[in-house]
Amino acid sequence: MKRTILITEPVNQKGIDLLKEQGYDVRMGSGPQEDTLISECCDCDGALTRNGQFTRRVFEHCPKLKVVSMHGVGVDCIDVDAATDLKIQITNAAESNQSSVAEYTIGLILMLAKKSIRYNNGMKDGETSQVRTMYGMDVQGKTLGIIGMGNIGSQVAKMAAFGLHMNVIGYNRHITGTCQTEYGTLSGNLQEVISLADFLSLHLPGGNATRHFIGAKELSYMKPTAYLINTGRGEVVDETALIDCLKNDRICGAALDVFEGNLPSKDNPLLSMDNVIVTPHTAAFTTEALERMSYQAALGIVEVLEGRPISYPVNQLH
C-alpha cells in the first residue's frame, strides 16, 4: 500500500519530486488551519508544512501519522511536546536558509548605514536636493552586536568581520566574561553587547523563553546613534517599547523583517517612520533557499519513513 504525504501549502517542486520518486502518494492540502489538517491528514503517513497548526488535537486525529516536516527552520506552529508524547517525529530544513537570511541582514545593515531607502524615496518624491544634504556612514570599523549566535548569527558575524571589516561582538548566555573567536568577541554580558553596538542584529528563535527578550530596559542600553535589525522572530522585541524608543529618538533607526503577530496592521506606526526599513518576513525567500527548504523538508519525511538516519531532527524519540 502506498504511503500518503500531505503538503499543507504550496512548496517548490523539488521536494514534491523527491517524494514522488520514492513512490509516495502526494496529496496537496487546502490550508494550515487545525480543522483542515484534521480532515486532510487523518489517513496520512507524513506531512510537509509551512504554517500548519499541528496541535495535540490534530495529532490525536491522525493515527497513521509518523512524521511532520517543517518547510523552514522555526517550528513555532507545531506542538513538539505533543508530537514527542505520541511518537511522531518532527524534522525541519535546518540548513536551507542560513546564508540567505545572513546576506539579507548584511543588506539591511548597509541600507541603514548608507540611507539608501531615504535617498530612493526622496528622489522619487522630487526632493533630490534635500536628501543630498543627508549623509550616511561607513560600516568599516563600526561595531556589530549580535544577539543569537546560532547558525545564522555566526554567518552574519563572519560576513561582517571578513567582508566589511566590522568589529563584531556576540552575546552568548552560556559563558561568563568574554572569549575571542576568528570573527570577533563573544560575551556573556548582554548589556555590554547592546551598549557597544552601532548596529544590533537579532537572531533569536521564537518561544516563551525569548518573548520580549529585547524590551524597554534593553533598548535603553543602546546608543542614540545605533540601529536595531531583526530578521529572527517578531515576538523577541517588545514592539510597543521599540515604537516609543524610535518616536523619541532614543535610537537612530531600525530595519525589521519580522513583527509581533506576524505581519503588522496597516496602522502600525513602524510603517510610517522615515528611519525604519520594513519588509514582509522575506529574508529567507530566495529562489535557492525555497528549493532547499522544500527538498530538505521532503528528505526528512523520506528518512523517517524509510528508517534512515535523520539529517535534521527537531525532537528525539526513544
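These are my notebook entries on what I looked up in this structure, which is a predicted model.

**Entry 1: the whole chain**

I began with the protein chain as a whole and counted 12 helices and 13 strands in it. I then looked up its radius of gyration, which is 22 Å, close to the 20 Å that the globule rule gives for 318 residues, so the chain is as compact as a globular protein of that length. I noted that the C-alpha trace spans about 70 × 50 × 35 Å along its principal axes. Of the 318 residues, 49% count as buried. I also looked at contacts between residues at least 6 apart in sequence, and I found that 60% of them join residues at least 24 apart.

**Entry 2: the sheet**

In what order do the strands of the open sheet lie? I wrote down 8 strands in the order β8-β9-β7-β6-β10-β11-β12-β13, and the pairing among them is mixed. The edge strands are β8 (178-181) and β13 (276-278), each of which pairs on one side only. Neighbouring strands of this sheet are turned against each other by 20° on average, with direction ignored.

I then looked up two strand pairs within the sheet. β10 pairs with β11 (residues 227-230) in the parallel sense over 4 bridges, and here I found Ser-201 opposite Ile-229 in β11. Thr-181 has Gly-184 in β9 as its bridge partner.

**Entry 3: helices**

Which helix did I find packing on the sheet? Helix α5 (residues 98-114) does so, touching β6 (143-147), β10, β11, β12 and β13, and its direction makes about 155° with that of β11.

I looked separately at helix α12 (residues 287-305), which has 19 residues and reaches 28 Å from its first C-alpha to its last, close to the 27 Å expected at 1.5 Å a residue. After α12 comes Gly-307, whose phi is positive, near 70°.

I kept a general point in mind here: in soluble globular proteins, nonpolar side chains tend to be buried together. The largest nonpolar core in this model has 29 residues, and Ile-147 and Leu-228 are those with the most contacts inside it. The elements that give two or more residues to this core are β7 (167-171), α9 (190-196), β10 (199-202), α11 (239-247) and β12 (253-256). Of these, α11 gives the most, with 5 residues.

Which residues are in contact with Ile-147, once its neighbours within four places in sequence are left aside? My list includes Tyr-171, Leu-190, Val-193, Ile-194, Leu-200, Leu-202, Leu-204 and Phe-213, and it also holds Ser-201 and His-203. I noted as well a second, separate core of 24 residues, which includes Ala-102, Val-156, Ala-157 and Val-168.

**Entry 4: a residue in the first strand**

Last, I looked up Thr-4, which lies in strand β1 (residues 4-7). Is Thr-4 buried or exposed? Its relative accessible area is 9%, and since buried means under 20%, Thr-4 is buried. Not counting residues up to four places away in sequence, Thr-4 touches Asp-25, Arg-27, Asp-43, Cys-44, Asp-45 and Gly-46.

Notes. Residues numbered from 1 in each chain as written. Predicted model: local features only at pLDDT ≥ 70, side-chain atom pairs only at ≥ 80, totals over all residues. Heavy atoms only, no water. Expected span 1.5 Å × (residues − 1). Core = buried A, V, L, I, M, F, W, Y, C linked by side-chain atoms within 4.5 Å. Buried < 20%, exposed > 50% of the residue type's maximum accessible area, 1.4 Å probe, protein only. Contact = heavy atoms within 4.5 Å. Pairing = 2+ DSSP bridges. Axes fitted to C-alpha atoms, helices over the stretch in contact; angles between N-to-C directions. Rg over C-alpha atoms; globule rule 2.2 N^0.38 Å.
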